[in-house]
Amino acid sequence: MRMSDQQTFLRDAMRRMNLTRDNFSDRIGVRKRALDTWLLPETSGEFRVMPDIVSKFVNEILAGESTKSPLTQSVYIARPDAPLREQISYNGKPQLLSVDQFSRDSLEQLFRVTDIMQPIARRQKVSRILEGAVLANLFFEASTRTRISFGAAFCRLGGSVCDTTGFTFSSMTKGESIYDTSRVISGYVDALVVRHPEQGAVDEFARATNIPVINGGDGPGEHPSQAILDLYTIQREFSRLGKLIDGAHIVMAGDLKYGRTVHSLIKLLALYRGLRFTLIAPPGLEMPAHILDRIARGGHVVEQSTSLAQGLKGADIVYATRIQKERFADEAIEGYTPDFQINQAMIDATCSADTIVMHPLPRDGRPGANDLSTDLNHDPRLAIFRQTDNGIPVRMAIFATLLGVENQVQHSMRDVSWRSPHHVGPDDAVFDGLD
């Protein structure tokens, strides 16, 4: 490679991977100081020629990036110092379809906006920055938490919400295309949240409009806002415990083949350093190979197991998921018996006092169900309700960012005029004390 091409090659690689210099140097395993010398003009006294082995490794990474889904390939890359709305945009539009739109730095920026939203989410303050704006929740698949959470987040910023649920009440039953539906609704509202049972369908909604579109879940594909709120929850939990996400041991257990929440979350976690993942699933429901390859390329340790008793040992985070029976084709649920249940006895026997237990919900709470047991409800390590509570400020931050008003939030707040409980749930664990 000619010296004059070196800087162009490196800058193009950073843009294609949507990484800042810090993240890029970590990704390729070099010191930032070395990267800086490779990016200097040739006339600089500190300029250094990049070793051939580095260019070869970067090319291998880029080749791996090109095998991602069409959604990932079409993500628009903004300069790292651009406004957050541009950094996380999709094809130059303020839309959120995949976690691949985020770098570690842009995630941290979004989390700072989320922190600002906390007093509003906790009913201590109110804001009207989205007054007059209208959200359409288009849910073509069953949802309770996600649909209401998005709607509540928009309303808490002063906006209003129009809901539709299922195909029965949609013009699609008359043969209307996704493109027509999206374009028509976009003429009525200022933002769309779409959930659809087919992977890639939300991308079609996004192509038909320039207004913000948020992926509320597309079949077995992704659920980016859930993954973001999960990661935000992990960060807050670790902050209380004096831990860092870098170097953590993350256990994911359950249906890892069809669980879109784990697909998105593990990609976000891979932006951090030196993680150990233990993936526990029944035979036939393991994490897809393309995701495993991607995580392994990031230098993380990945272990797979079918045993809860063995896999849970030493976990910092236990992330349980339910069986996605509605997405099964011909799979049999082999090895997924009531013994494959994360309960109080299992957690006490295998985990430490500061292990955090999470679940994206819904969970099957019936006696004997092979899911996260309700006997953990009073255990302070159980963070599932802290997760759901965090969904409001995270989705508020997403709306404010995509609509370009995140910098107005702090100056728009005023005290609430009603009384609200200090703890939302009467049985919330002490660990959930509002701070």
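This is a predicted model: local features need pLDDT of at least 70, side-chain atom pairs count only at pLDDT 80 or more; totals for chains, interfaces and linings use all residues.
Residues are numbered from 1 along each chain as its sequence is written. Local features need pLDDT of at least 70 and side-chain atom pairs count only at pLDDT 80 or more, while totals for chains, interfaces and linings use all residues, and side-chain values use heavy atoms, leaving out hydrogens and water.

Start with H7, which covers residues 104-121 (helices are DSSP runs of H or I with at least four residues, strands are E runs of at least two, both numbered from the N terminus). From first C-alpha to last, its 18 residues reach 24 Å, close to the expected 26 Å (1.5 Å times one less than the number of residues). There is a kink of about 30° at Asp-115, shortly before Pro-119 (the angle between axes fitted to the seven residues ending there and the seven starting there). Buried residues of H7 include Leu-107, Phe-111 and Met-117 (buried is under 20% relative accessible area, with a 1.4 Å probe and protein chains only). Just past the helix, Arg-123 takes a positive phi of about 65°.

Now for strand S9, residues 317-320. Ile-317 and Tyr-319 point one way and Val-318 and Ala-320 the other, yet all are buried. S9 runs parallel to S6 (residues 249-253), joined by four bridges, and parallel to S10 (residues 356-358), joined by three (pairing takes at least two DSSP bridges). Tyr-319 stands opposite Met-252 and has Met-358 as its bridge partner in S10.

Conventions. Buried means under 20% relative accessible area, exposed over 50%, partly exposed in between (1.4 Å probe, protein chains only).
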